[in-house]
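Dear colleague,

I am passing on the structure below, together with some notes on what was found in it. Please read them with the model open beside you.

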Amino acid sequence: MFTLTLVTPERRVIAGAEIEEVFVPGDRGELNFLPGHAPLMTTLRPGIVRYRLKGDSTVHRVAVSSGYAQVNGVGVNVLAETAETVDSLNPAEIDAALAEAEARLTAHDATVEELEEMTHKVEVARVHKELLSDSSAAH
Amino acid sequence: MPSLKDIRSRIDSTKNTQQITRAMKMVSAAKLRRAQQAIVNLRPYANTILSVIADVAATGVVSHPLLEPNENPQKLLVVVITSDRGLAGGFNSNVNKFADRLLKEVKGKYAKVDTIFIGRKGSDFFKRRGYQAVDSIINLAKDISYDYAAHMANRLMDDFNKGDYDEVRLVYNEFKSAISQEVVSETLLPIDATKASSLAKGEGGFSTDMIFEPAPEKIMDQLIAKHIIVQVYRCMAESVAAEHGARMTAMENATKNAGEMINILTLNYNKLRQAAITTELIEITSGAEALKG
């Protein structure tokens with residue numbers, strides 16, 4: 001039994017689905033968890049969670065912004081701030097968010113916190129773009 | 001004996017009331033749907049974050065002041081969550097009664113008991129009973145926001161860390177279903193993580209040797225702060241969903257009662273009208289009889 005649970009404060013994206021393996025964007029680079037992985041706890045950076053359901057070779061992708069991932073004896077828990085699948089993304093909205101964040105980054109009156117927030121937003125938008133281009137290449 | 005006109009006007013006013021209660025029911029039903037969605041979606045996150053904390057706590061690598069169980073708490077803070085508006089059946093009075101009982105119960109056991117009231121109904125109720133609240137928050141925005149919960153949670157954590165309190169409890173209506181809600185008292189701080197751990201339950205048979213990236217202290221601080229905010233937010237969201245549910249049920253009953261009332265009044269009205277007509281007819285016929293003689 002090796003399950004994946006992916007939740008955000010807004011919704012439950014994956015509810016304890018049995019999986020073969022999962023890749024998560026960890027704080028220090030991408031991590032690959034297979035059944036029998038040692039217990040681990042990490043923070044997440046913006047990136048794409050990829051997983052394969054048990055007995056299925058299709059790779060599913062979910063873009064996450066930040067949060068935590070934990071491996072225990074029974075599976076993987078991913079606590080993400082936001083999680084988007086290809087279907088829930090809108091290319092026009094991503095471009096708008098990216099443009100807005102980049103515009104704020106070059107503004108002179110921005111505070112340090114704001115710069116950090118905007119950098120994070122740019123990263124998230126880029127990850128969303130990557131998710132869209134990945135899936136269109138696959139088809 | 002009321003006149004026909006009196007009954008007529010009572011029927012009209014009952015009809016007006018019924019229209020209002022029906023409209024309120026509709027509004028609550030719509031709000032309930034949204035609130036219910038929010039709480040159903042939030043619960044898995046809140047539960048998962050607690051079980052993650054529990055797992056980490058079970059490894060024994062990190063100790064955190066907010067995780068330390070306290071055998072003999074002396075300074076208690078009770079946060080009571082009610083709503084600003086009434087007409088929601090027993091929603092507010094249930095919480096208030098429960099909290100009142102709780103406060104009386106803990107009075108002797110704790111050296112210091114403080115209260116915070118969220119929502120006008122609770123605040124007013126306890127003001128009348130002479131409780132001095134540390135703070136009461138009324139006129140909440142239409143829907144409680146995550147930012148607001150974060151603000152509240154940070155304040156509770158600060159007070160706890162400063163040593164003002166060594167136990168924080170929340171009293172609120174838990175959303176069970178659209179037609180039922182239950183008053184619960186929940187200990188927010190210190191965090192009781194012993195039950196939620198999958199490691200403690202011995203599942204998977206793994207060692208408690210856990211890898212941390214980055215350092216455990218850093219992760220735990222953030223994770224626990226997040227957990228408290230999410231719990232406060234969840235309790236508020238539960239209360240909001242429960243409030244709309246309670247109001248919907250109350251208004252549905254009121255609409256039904258108004259309908260019954262209108263039926264009874266209409267029946268009386270018709271009876272009275274018939275009686276009046278009969279009396280008139282008798283007068284006419286007896287008048288005619290008298291003329292014949």
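The crossing of α2(B) and α3(B) is right-handed, a crossing being left-handed if the near helix is turned anticlockwise from the far one by less than a right angle and right-handed if clockwise. Helix α2(B) and helix α3 (residues 120-128) of chain B pack at an angle of about 45 degrees, with their axes 10 Å apart; axes are lines fitted to C-alpha atoms, for helices over the stretch in contact, and angles run from 0 to 180 degrees between N-to-C directions. The two helices α2(B) and α3(B) are therefore oblique to each other, since angles under 35 degrees count as roughly parallel, over 145 as roughly antiparallel, 65 to 115 as roughly perpendicular and the rest as oblique. In this packing, Asn92(B), Val95(B) and Asn96(B) of α2(B) meet Lys121(B), Gly122(B) and Phe125(B) of α3(B), where contact requires C-beta atoms, placed from the backbone, to lie within 7 Å.

A word on conventions: this is a predicted model, in which local features need pLDDT of at least 70 and side-chain atom pairs count only at pLDDT 80 or more, while totals for chains, interfaces and linings use all residues. Residues are numbered from 1 along each chain as its sequence is written, and chains are lettered from A and ligands numbered from 1 in the order in which they are written.

Chain B also holds an open sheet of five strands in the order β3-β2-β1-β4-β5, with mixed pairing; helices (H or I, at least four residues) and strands (E, at least two) are DSSP runs numbered from the N terminus, and two strands pair if DSSP finds at least two bridges between them. Because β3 (135-137) and β5 (180-189) of chain B stand at the edges with a single partner strand each, one side of each is left without a neighbour in the sheet. From one strand to the next, the twist averages 20 degrees. Strands β1 (residues 75-81) and β4 (residues 167-177) of chain B pair in the parallel sense over five bridges, and Val80(B) has Val171(B) in β4(B) as its bridge partner. Helix α2 (residues 91-107) of chain B packs on this sheet, touching β1, β2 (112-118), β4 and β5 of chain B, and its direction makes about 150 degrees with that of β4(B).

In chain A, strand β1 (residues 3-7) pairs in the parallel sense with β8 (residues 75-80) over five bridges, and Leu6(A) stands opposite Val78(A) in β8(A).

Conventions: Two residues are in contact if their C-beta atoms, placed from the backbone, lie within 7 Å.
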